[in-house]
Every structure is written in structure tokens, then in C-alpha cells.
Amino acid sequence: DLEQLTQQHATIELHGLAGSAWKRLAMIANDLEREGEVQSAIAKMLDHYKEGLAMARKQAAPDLYYPGINLIVAQLAARADGRPQPPLDAALVAEVRASYEAQVRKDPDFWSVVGSTELLMLEALAEGKLADKLAGVQREFADLQRRISTPVDWRSVFDTERFVLGRWARHADEAQTKACNEVLRQLAGYAWPSAA
């Protein structure tokens, strides 16, 4: 239904919903270790977030960061196979960061603040430097959690990062794998505080 809607009446929001649905299907397939289905779902996810980002650019949308960060998530999830990787698109990273910063200055909320930290973390992951930047990433997450501790919001963050970091941890060196697991442990504690 979402695919039909985006073909008939494309909007940034509809592309975001469709991209999110494909992301969830990719997560499920990943948990079931069905790599072909994971890559197929990620390809659809990429398509929708690319379209959403193009529309957000054209409309100068204030929440351009949403399709932008999800496009980066899809790119990283798709290439988490242990082979040497090209760096992230520096212009895209800068564009997403600027969008987050503008939102934080104008009307900060959980998603704009946590997204800034996620972007920092994903950059470090792509560069193979998450272990080096782990303390800073964890400090930023902890600072936000002290201010906004709503578990349901943190569960959404955990789900996405478990997908990306979990895939990278399968093929990363020992230091990077440990860093991925440390971030996931921290986020899981925020998502399910009674179990921590």
C-alpha cells in the first residue's frame, strides 16, 4: 500500500514511511540471517530515502536530516560485509549535520539531538574509528538520556543501531567489535531500564 501511495502521490513523509517499513523488513530478515532478503529490503529503503532527500532539498525542508540520516544508515547496513569500504559522502554528512544543528538551534527535540550523536557515531564506524571515539559518543548519549529518558524513544534508537552496529560487528576487528557492543549495551539499558 505504501509503495502504491508513493507512486501516486509522493511526499517526503510517504517516502519516509515506506523507507521505514523496508528498514523494519530488513531488520527482521537480518535477525533471520536471510542476507538476500536483507539486501533487497535495504535497496528499497535506499530508494525511498534518496527520493525523500531529493524532495527535502527541493523544498528546503527543515527536517532534511530525517531522510538524510536514514540514507546513511541504509548505506552502512548494505556494505557491512568486512570488505574495504569507500568513505561516507562528506557532502551528505555535512548537509545532515547542518540540518540537525539548525533544528537544535530553532526547536531542539529528542530526535534532532540524538540524531546528531548517531551521525557522529556512524561517521566513526565508517572510518573504522568507533573505538577511538567511543567515550565521546557514549558521553553524548548519556547526557541526552539524563534529560530525556523515555524508553520508547530509546528503543527506536536501539533497534536501528542494533541493525547497523550488529552487522558491522560481525566483520570488524576486535576493538571495533567491542566498541559496537559497548554502544549497544548502553542503548539497551536506556531502552529497557528495568532490565539493566
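This is a predicted model: local features need pLDDT of at least 70, side-chain atom pairs count only at pLDDT 80 or more; totals for chains, interfaces and linings use all residues.
1. Ala60 is found in the loop between helix 3 and helix 4, and with a relative accessibility of 64% it counts as exposed.

2. Turning to the protein as a whole, there are nine helices and zero strands, so that the pattern read along the sequence is α-α-α-α-α-α-α-α-α. The C-alpha atoms fill a box of roughly 45 × 40 × 35 Å when this is taken along the principal axes. For 196 residues, a compact globule would have a radius of gyration near 16 Å, and the value for the protein, 16 Å, agrees with that.

3. Buried residues make up 45% of the 196 residues. Among contacts with a separation of 6 or more, 67% are accounted for by residues 24 or more positions apart.

4. Two packed helices are described by the angle between their axes and the distance between the axes. For helix 6 (residues 110–127) and helix 7 (residues 130–147), the axes come within 9 Å and cross at roughly 170°; because angles over 145 degrees count as roughly antiparallel, these two helices are roughly antiparallel to each other. The residues in contact include Phe110, Val113, Leu120 and Met121 of helix 6, and Leu130, Val137, Phe141 and Leu144 of helix 7. By class, this contact has eleven nonpolar, one polar and five charged residues, and Glu118 of helix 6 and Lys133 of helix 7 are among the residues that take part.

5. The other pair to examine is helix 4 (residues 65–78) with helix 8 (residues 151–169), whose axes also come within 9 Å but cross at roughly 30°, which makes helix 4 roughly parallel to helix 8. The crossing of these two helices is left-handed. Helix 4 contributes Val73, Leu76 and Ala77 to the contact, while helix 8 contributes Thr160, Phe163, Val164, Arg167 and Trp168. Sorted by class, the contact of helix 4 with helix 8 has six nonpolar, one polar and one charged residues.

Note on methods:
Residues are numbered from 1 along each chain as its sequence is written. Side-chain values use heavy atoms; hydrogens and water are left out. Axes are lines fitted to C-alpha atoms, for helices over the stretch in contact, and angles run from 0 to 180 degrees between N-to-C directions. Helices (H or I, at least four residues) and strands (E, at least two) are DSSP runs, numbered from the N terminus. Angles under 35 degrees count as roughly parallel, over 145 as roughly antiparallel, 65 to 115 as roughly perpendicular and the rest as oblique. A crossing is left-handed if the near helix is turned anticlockwise from the far one by less than a right angle, and right-handed if clockwise. Contact means heavy atoms within 4.5 Å. Ala, Val, Leu, Ile, Met, Phe, Trp, Tyr, Cys and Pro count as nonpolar, Asp, Glu, Lys and Arg as charged, and the others, Gly among them, as polar. The radius of gyration is taken over C-alpha atoms; the globule rule is 2.2 Å times the number of residues to the power 0.38. Buried means under 20% relative accessible area, exposed over 50%, partly exposed in between (1.4 Å probe, protein chains only).
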